[in-house]
Amino acid sequence: MQNSTQVVTFVLSMYADLGQFKYLYFTLALLFYLSVIFANTVLIVIIYMDRNLHEPMYLFLCSLFVNEIYGSTSLLPCLMAQILSDTHDISQFYCFLQIFNIHSYVGIEFGTLTIMAYDRYVCICKPLHYNSIMTKLKVQTVILIIWSVTFLEVGVLLSFTIRMEFCKPVIQHIFCAHHLVVELSCSEDRTVSLVHDFVFGLIISVAAPVTFITYTYIKILRVCVKSSKETRRKAVETCSPHLISLISFVFACFYTLITQRFDFSSVLYPLCIFLSVYVLVIQPIQNPVIYGFKLSKMRNAFKNMLTINTQ
């Protein structure tokens, strides 16, 4: 495990001894993972097959659903393997790979939710110019930029962390978190972690998107106050899933950032575990459910697809 003081394998210490129950938890985790893949894939297929859904908002939703599968895959396969394992070791390579996947998932999620807020702002506040603005925006290009820039940003961050030497092996979590891994380094210099926390964790990933989204919703609210009941109804229908998703995601990210930096040992173990994986477990299944049920176009497209398949 170690060569001198150089750690080459980490230990995830928050896994309890489940005994024979580990097979039950493994089965539940597997079923949940398959449910996430199924729910998101169904909506991706619906958007792809129904030409009425080939609109900017639904293309952004498609990107969001792909990201939910990506995010859950960054945790659940590793989680299932660790549930069955007796040692809970994870190599540096897979640990850094998991950090890359989780952080890029968070960045893409915030980026997609931000551009979706802009789409709703243009649709509700500038309806006559919606088609021209969104055509100029080139939706597919925007989605590609969000994914590419996020991958590049996280890759640059990890390029510094990978060069570190680690003297302590134990990660106080059930998955690899960047801040906790940096804390295991032999060096007392925490500049990389502080820069990451402030620039990526606070400004780029949270503050900037949330500030812009808040601005768009203030504009939308002002328009809705002066508009007809039908306009307000449509605004509520399309904006409420987005708001639920955003609030849930911000809460989960904020909790994760806080608990990695302060002692939460007094929190009940099951609750602590649930909240720590909320962003990677609940969000990926919550989004397809709320968008699938709340948006009438999605419901109608799903019904039409079922009707065609049963004929």
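Lys 168 is partly exposed, with a relative accessible area of 43% (buried is under 20%, exposed over 50% and partly exposed in between, using a 1.4 Å probe and protein chains only). The model is a predicted one, so local features need pLDDT of at least 70 and side-chain atom pairs count only at pLDDT 80 or more, while totals for chains, interfaces and linings use all residues. Residues are numbered from 1 along each chain as its sequence is written, and side-chain values use heavy atoms, with hydrogens and water left out.

Back to Lys 168: this residue sits in the loop between α6 (139-161) and β5 (170-171). Helices (H or I, at least four residues) and strands (E, at least two) are DSSP runs, numbered from the N terminus. Leaving aside neighbours within four places in sequence, Lys 168 is in contact with Val 7, Phe 10, Glu 183 and Leu 184, where contact means heavy atoms within 4.5 Å. Lys 168 and Leu 184 are 16 residues apart along the chain, yet their C-alpha atoms are separated by 5.0 Å.

Phe 10 leads on to the core. The largest nonpolar core holds 89 residues, and Phe 10, Leu 61 and Ile 171 touch the most other members. Helix α4 (residues 92-125) supplies the largest share of this core, 15 residues. Such a core is a set of buried Ala, Val, Leu, Ile, Met, Phe, Trp, Tyr and Cys residues joined through side-chain atoms within 4.5 Å. In soluble globular proteins, nonpolar side chains tend to be buried together. Not counting residues up to four places away in sequence, Phe 10 touches a list of residues including His 88, Asp 89, Ile 90, Phe 166, Lys 168 and Ile 171. His 88, Asp 89 and Ile 90 turn up again among the contacts of Gln 82, alongside Leu 12 and Tyr 15, with neighbours within four places in sequence left aside. Gln 82 is found in helix α3 and is buried, with a relative accessible area of 6%.

Now for the helix pairs. The axes of α1 (residues 22-49) and α3 (residues 76-84) come within 9 Å and cross at roughly 170 degrees; axes are lines fitted to C-alpha atoms, for helices over the stretch in contact, and angles run from 0 to 180 degrees between N-to-C directions. The two helices are therefore roughly antiparallel (angles over 145 degrees count as such). By class, this contact has 12 nonpolar, no polar and one charged residues. Here Ala, Val, Leu, Ile, Met, Phe, Trp, Tyr, Cys and Pro count as nonpolar, Asp, Glu, Lys and Arg as charged, and the others, Gly among them, as polar.

Helix α1 also meets α11 (residues 278-294), with axes that come within 9 Å and cross at roughly 35 degrees. The crossing of α1 and α11 is left-handed, which means that the near helix is turned anticlockwise from the far one by less than a right angle (clockwise would be right-handed). Among the residues making the contact are Phe 32, Ser 35 and Val 36 of α1 and Val 281, Pro 284 and Gly 292 of α11. The contact of α1 with α11 has eight nonpolar, three polar and no charged residues.

Finally, the axes of α4 and α5 (residues 130-137) come within 9 Å and cross at roughly 150 degrees, which makes the pair roughly antiparallel. The crossing of α4 and α5 is right-handed.

Notes: Parallel < 35°, antiparallel > 145°, perpendicular 65-115°, else oblique.
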